[in-house]
Amino acid sequence: QVQLVESGGGLVRPGGSLRLSCAASGFTFSDYYMTWIRQAPGRGLEWISYISTTGAAIYYGDSVKGRFIISRDNAKNSLYLQMDSLRAEDTAVYYCARSNKWNDPLDYWGQGTLVTVSS
Amino acid sequence: EIVLTQSPDFQSVTPMEKVTITCRASQSIARLHWYQQKPDQSPKLLINYVSQPVSGVPSRFSGSGSGTDFTLTINGLEAEDAAAYYCLQTSSVPHTFGQGTKVEIK
């Protein structure tokens, strides 16, 4: 069965960095676009970034552009999110999700990993 | 960026009642999807491409609309439907979500 498992969340100070991972299994990872979405405590969903099957196409939302980098390793069935210059407003549960193409719905999501940015 | 505005933000509903949630886009879109998120769970895809239910989703859930106005309908709310519901557009990047509608059971 399709599984997406995020890891790497934790407590980090403002200005710090963190790298999230998303381990995929149960499907051919290299056939799917992957997306990061986040949800601040008690708030709604925010789309952050996607990466194409080969990594050739990448898009970021304005709130993270220039600070976050999405990447993937198809040989390891893994998606990553490098987060730098973290701010208090980046505090959220971060989810990874897959889609068939860039404009298809996100059909499977992971359980999320919590990132807390606080001094 | 396409802005999606959902209404209402919150709805308290009696079991078996009909629930209607709307999602209005700031410009015409074709790829609109609906998600359900229960407390402490990740979102689950309910309806894709406006009106196509995902396999395994109860038939009481349906979607409709076109252009800028879309609707998620729950015909005969059940207790297990207490959740937040979000619309998502994937017609253009950045993809965007509506702010969510919380449905509570009276």
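Which side chains of chain B and chain A meet in a salt bridge? Arg31(B) and Asp104(A) do, at 3.3 Å from N to O.

## Basis

This is a predicted model, in which local features need pLDDT of at least 70 and side-chain atom pairs count only at pLDDT 80 or more, while totals for chains, interfaces and linings use all residues. Residues are numbered from 1 along each chain as its sequence is written, chains are lettered from A and ligands numbered from 1 in the order in which they are written, and side-chain values use heavy atoms, with hydrogens and water left out.

## Interface of chain B and chain A

On the chain B side, 20 residues are in contact with 19 residues of chain A (contact: heavy atoms within 4.5 Å). The two chains bury about 1,600 Å² between them, and 62% of this lies on carbon and sulfur atoms; buried area is the accessible area (1.4 Å probe) that two parts lose on being put together, summed over both. Val93(B), His95(B) and Phe97(B) supply 32% of the area that chain B buries against chain A, more than any other three residues.

The rule finds 1 salt bridge across this interface, a salt bridge being a side-chain nitrogen of Lys or Arg within 4 Å of a carboxyl oxygen of Asp or Glu. Strand 4 (32-37), strand 5 (44-48) and strand 9 (83-89) of chain B each supply at least two residues of the side that touches chain A; strands (E, at least two residues) are DSSP runs, numbered from the N terminus. Strand 4 of chain B gives the most, with 3 residues.

## Salt bridges within the chains

Over all chains, the structure holds 11 salt bridges. In chain A, Arg38(A) and Glu46(A) are joined at 2.7 Å, N to O. Arg38(A) is buried at 6% relative accessibility, whereas Glu46(A) is partly exposed at 29% (buried is under 20% relative accessible area, exposed over 50%, partly exposed in between; 1.4 Å probe, protein chains only).

In chain B, Arg60(B) forms a salt bridge with Glu78(B), with the closest N and O atoms 3.6 Å apart. Arg60(B) lies in the loop between strand 6 (52-53) and strand 7 (61-66) and Glu78(B) in the loop between strand 8 (69-75) and strand 9, so the pair ties together parts 18 residues apart in sequence. Arg60(B) also meets Asp81(B), at 2.8 Å from N to O; this pair links parts of the chain 21 residues apart. Arg60(B) is buried at 11% relative accessibility and Asp81(B) is buried at 1%, while Glu78(B) is partly exposed at 34%.

Definitions and conventions: Helices (H or I, at least four residues) and strands (E, at least two) are DSSP runs, numbered from the N terminus.
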